[in-house]
Structure formats: structure tokens, C-alpha cells
Amino acid sequence: MNISVQRVEESKKQLAELGEIQSRTQFGGYSLSVEKIVFALVSDGELYLRASETMQRYLQQRALQPFIFHKRGQCISLNYFKVDSRLWHHTDDLLALSRGSLNEARALREAQLNCQRLKDLPNLSIRLEMLLIEVGVTTVSRLRDLGAKQCWARLRSKNRHLGLKTLYALQGAISGQHQEVLAREVRDELKHWYQQFTQSPIITLRKGTKGPSTPS
């Protein structure tokens, strides 16, 4: 068992009061979530909590190291902060900060769900909003109902230049996160579907399907 897996298991045990904690691979490490709401990351054996108002008050008293994600030679600082040795020894403080991270992440997700404009979702520009409206995707709820694949397929039927990045952007918008931080397995599955879609001569895509199908 590597150090990150050990830290994931330790975090689940220490933070069990938050609910059933799920983990999945992300950023070369793992994300931790409750009811699909991501509130923490584990990388190189360290736990990082999502920034929150509770966290900001704590940072005024004690500095914590931010999470730095390295991609394609660039350093990207994310709004997560490392749990230091003091917090691991003061479990009440750790739990309070973790609960604050989860609550604010949940509030943000609810606000995004109630968002009236597509452009207000992550990754969606005004131009992409206009393109979606042109193909009948006029609301956030419609976007979520159809899913990233079917929305992308509709866009693709109007603009053959749209590629994989747009598919990632749509999935990120639906899940409430920047496309660059989509979990690796999500990106891999979308990439596989995209390759099947673009290589198949005839494709029928129905709501609820996981990928393209060719009619017999």
C-alpha cells in the first residue's frame, strides 16, 4: 500500500463524521468526496483541504502550504491547503476545517445547480452558451439532463471543428469543476468515447447511452 492510499484510508477514518467518504484518482493522487461533493485531495501522502471561510480564519493564525499541481511544465496553484502535523494531532480542529470545506463546496454546487445562465458554469463562455442555445440546450437543467456527450454531439453536428476539449469543458460544467481537474478516469472514458464517435461513419446517440452506437 503506497503512502497516498494509506493517507486516504486514515482520512476516511478520521473524518467519518462527515458521512460516507468516497475516493477516486485525480492529479496523480486522490480526491475525497461526500455525496459526490469534493472537499479534499490527497497527493504524495499528504491531505489537502478545500479553502473555506473556516480555513481562512485558521490561515490567519497558522500558515499552511497550498496545493501545487504540475502539468505540462506549468505550476498551477489550487485552492486547497495542506493538513500539517498539528492538525493531525488536533482532530477536533481537523474535523471542523474539513466540515467547513465540505459545506462550502456543497453550497457552491447548489448555487451552480440554481444558476440561470449557462455561461455562469465553469468552462462555458458566452460563445459556447450561444452555440448550445442554437442546438436546443437553453438551460442548465437541460444541459444536465442531456449530459456532456449528447450536448457535444449536437454541437458537433453544427460545427465540425469542435474537439475533445469542448467535451471536457461540458463535462466539467456539469460536474462543477474546471476541465483541467477532471478525474483521470473521467477524461480517459470521454477520450475513448470521442475517438469512437469521430471514427464511426454513422452514429446514433440517444439520451441515457454511454457511448455511440451504430445502427444495424
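First, a term for my notes: a polar contact is a pair of N or O atoms within 3.5 Å; within protein, one must be able to donate a hydrogen and the other to accept it, and residues adjacent in sequence count only if both atoms are side-chain atoms. I found one at the start of α1, where a side-chain oxygen of Asn2 comes to within 3.1 Å of the backbone nitrogen of Ser4.

I am working with a predicted model, where local features need pLDDT of at least 70, side-chain atom pairs count only at pLDDT 80 or more, and totals for chains, interfaces and linings use all residues. Residues are numbered from 1 along each chain as its sequence is written, and side-chain values use heavy atoms, with hydrogens and water left out.

I listed 8 helices and 6 strands, taken as DSSP runs (helices H or I, at least four residues; strands E, at least two) numbered from the N terminus. Their order from the N terminus is α-β-β-β-β-α-β-β-α-α-α-α-α-α.

I then looked up how much is buried (under 20% relative accessible area, 1.4 Å probe, protein chains only). The answer is 46% of the 216 residues.

Back to α1: which of its residues are buried? They are Ser4, Arg7, Val8 and Ser11.

Technical notes: Buried means under 20% relative accessible area, exposed over 50%, partly exposed in between (1.4 Å probe, protein chains only).
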